[in-house]
Every structure is written in structure tokens, then in C-alpha cells.
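Here are a few friendly notes to read alongside the model.

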Amino acid sequence: MLNQLLSGDLPRSRALSATLLLILLGLALAPFLTSGARPLNTAATICIYIVLVASYDLLLGYTGIVSFAHTMFFGIGAYGVGLGLASGEPTWGAAFTGLLLALLLTLVLALVVGLFALRVRAIFYAMITLAVASSFAVLASQLSDLTGGEDGKTFSVPELLTPGFRLFESDVFGRAIDGKLITYYIVFGGCLLLFLFLLRLVNSPFGRVLQAIRENEFRAEALGYRTVLYRIWANVLAALVAALAGALMALWLHYVGPKTMLGFEVMTDILLIVVIGGMGTMYGAVVGATLFIIAQNYLKALMAEGSAALQGVPLLAQALHPDRWMLWLGVLFVLSIYFFPVGIVGKLRLRKLAARPASN
């Protein structure tokens, strides 16, 4: 059963299996294990980024395509739902209409970018996607009447998802079953289904061809595969999943804005997470996104406590000043690359393979 659910792609490492199970249980039970808005927001962000990073890894890790337009599709999905709900009454019909239009626009743009740019090799394609994504971000900022410009747009959601809604009068396990909790489990469930879809995709014959193209495109063409067509479809599928992740992000935040949805910082975060977790493995997105988002949200607070505890040691206290949290985040990233050059998941799997001959 588990083998079928994971499409035959088992973790193949006890440490990795335990880590993935811990992350799954932590995200599934986050509303009941924590209190306050920040931990729940962190858990929802982790869920969304797992799908967003996994969809990008379909391009980079499995197909060998370097694209900087992934945040554009993420933003299209977010703006589709956000503008649909902001344009009139916040109904489910408006949300699904906005999502459908966003997916159609994503499909068209992904096909256009694929048809015109995927025939270009290496860095030239990356630069084309960067130009397209930058143009779209500028367009979203300039169309202030529609998108809210740089300030973005806040919108209402259907009544079921509002914080004031209560499904039951009494609490369940000490937690009110309100609209925020329902929204979280919609995000969690949607991200879980999308991740399982990507896992099935990369372990299908289609995914095997993508890996063959990554390893040796000339040989894949010699075997009769139309590599350009496969690369285009990989681009389209990754874009559609990114758009769905953006829609879930908008539904969670009740807000859409160019910096949050379309900023190049989001693309930088995606690249960092892919490298930390490990390219060419869906589980790398799970581990990488969890570590990165937790560090991004709690490293500053942890450094503040460390700095306060080391007031008697001026040099260390200044080094751990919370204003320098980005510096230490960069140091942690460099250390992770040094000790895990193939990513955390890749390192765990290689260690398992290296241990097999010794056990025989």
C-alpha cells in the first residue's frame, strides 16, 4: 500500500524515513501541537513551499532545465484566486473561476515560453525566462487599478474560511474548529495531493524519459524520443503545479502582492531549498523546505536569546545580534553545501548505499 502511494519511490534510508515521517506528522498535527498564529503560518508556508520547490525540481533536477520564470506561474495562480475573490462577493464560484482563468493563462504562457525558448540551450534559456518573469512582475506592479500595484490587494474569503466561522461550538482536543483551521487543512491536503502527483509523475515512464534527457539528450534523441516535446510538457506541468501552489498561498494569506508572489527573492529561496534538500529527488523538497522555512522564521529569535545569554562576552553577543541573522543563514547554507554537496537527501541515500557492502 505504502509502496503504491509513494509510486515505488521509497526513501531508502532509515534516517530519511524517520525525518519524512516526523515532518508529515508535524505538519498534519501542527494546529493541535502549537498555539498562536506564527507556528501555524510557518507550517502552512512549509506545505506550500514543498510543492513549489518540488515542481521546480521537476525542471531542474529531473530534466536539467534552468528556469527563472517559476515565480511568475506561482504569482499567476495567487493573483487568479485573489482577484477573483476581490472582484465581487467572496464565493467559491468566484475563487474557482479565478483559479481556472489563472490555470488557462499559465498553460498558454508555459507553452509559449516552451515553444520559443526551450529550443535555446543552457544559459540563454535561463536569461529568456528571467526577462519574461521580470516583465510580468513589472506589469503586475504597473496595473495598480487591477492588482493593487506595489501594495498588493487584500480580499475576503468564503465564510467557511473566515476566522469567525465555527464548525462546532465546543473545542476539539483543546482547539476551536474555526475557518483558519479549515483553511490550513485545505492547504495541507491540497499540497499533499500535489506532492504525490509529482512523485507519481517522476516515477512514470514520462519521468524516466526526462531523466534520460537530463543525463544525455543526444542519446535520448537517438532512441527516438522527441526531447523538445518532453521538455515543453515538463515545463507546462511544473508551471501548472506552481500556479496551484500560488492559489493555496493566496487562500491562506488573504493577500496577493508582487513582492510576496512575484519577487526574485522567492526564486532565490526556491533555488536555495533545492540545493539544500538535493536535486533530482522529490523528498529533497520536503526536507529542504522544512529546514529553510523554520530557519527563516525562528533563527532571528534564537539569535536574540543567544545574544542576551552571552552579554558578558561582548564579541560573541555582537556576533549573535539578531540583526545579523541573514549572515548566519548564509553561513548555514555554505556549510550545508560543503558537508552535503549532493543535498541532505542525496547524502543520506549515498550513505545507505555505501553501508550495504559492509553489512554483507
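Helices here are DSSP runs (H or I, at least four residues), numbered from the N terminus. This is a predicted model, where local features need pLDDT of at least 70 and side-chain atom pairs pLDDT 80 or more, while totals for chains, interfaces and linings use all residues. Residues are numbered from 1 along each chain, and side-chain values use heavy atoms, without hydrogens and water.

1. H2 has the largest share, with 3 residues.

2. Helix H4 (residues 37-63) packs on helix H14 (residues 264-277) at about 75°, axes 10 Å apart (lines fitted to C-alpha atoms over the stretch in contact, with angles from 0 to 180 degrees between N-to-C directions). H4 and H14 are therefore roughly perpendicular (65 to 115 degrees).

How values were computed: Helices (H or I, at least four residues) and strands (E, at least two) are DSSP runs, numbered from the N terminus. Angles under 35 degrees count as roughly parallel, over 145 as roughly antiparallel, 65 to 115 as roughly perpendicular and the rest as oblique.
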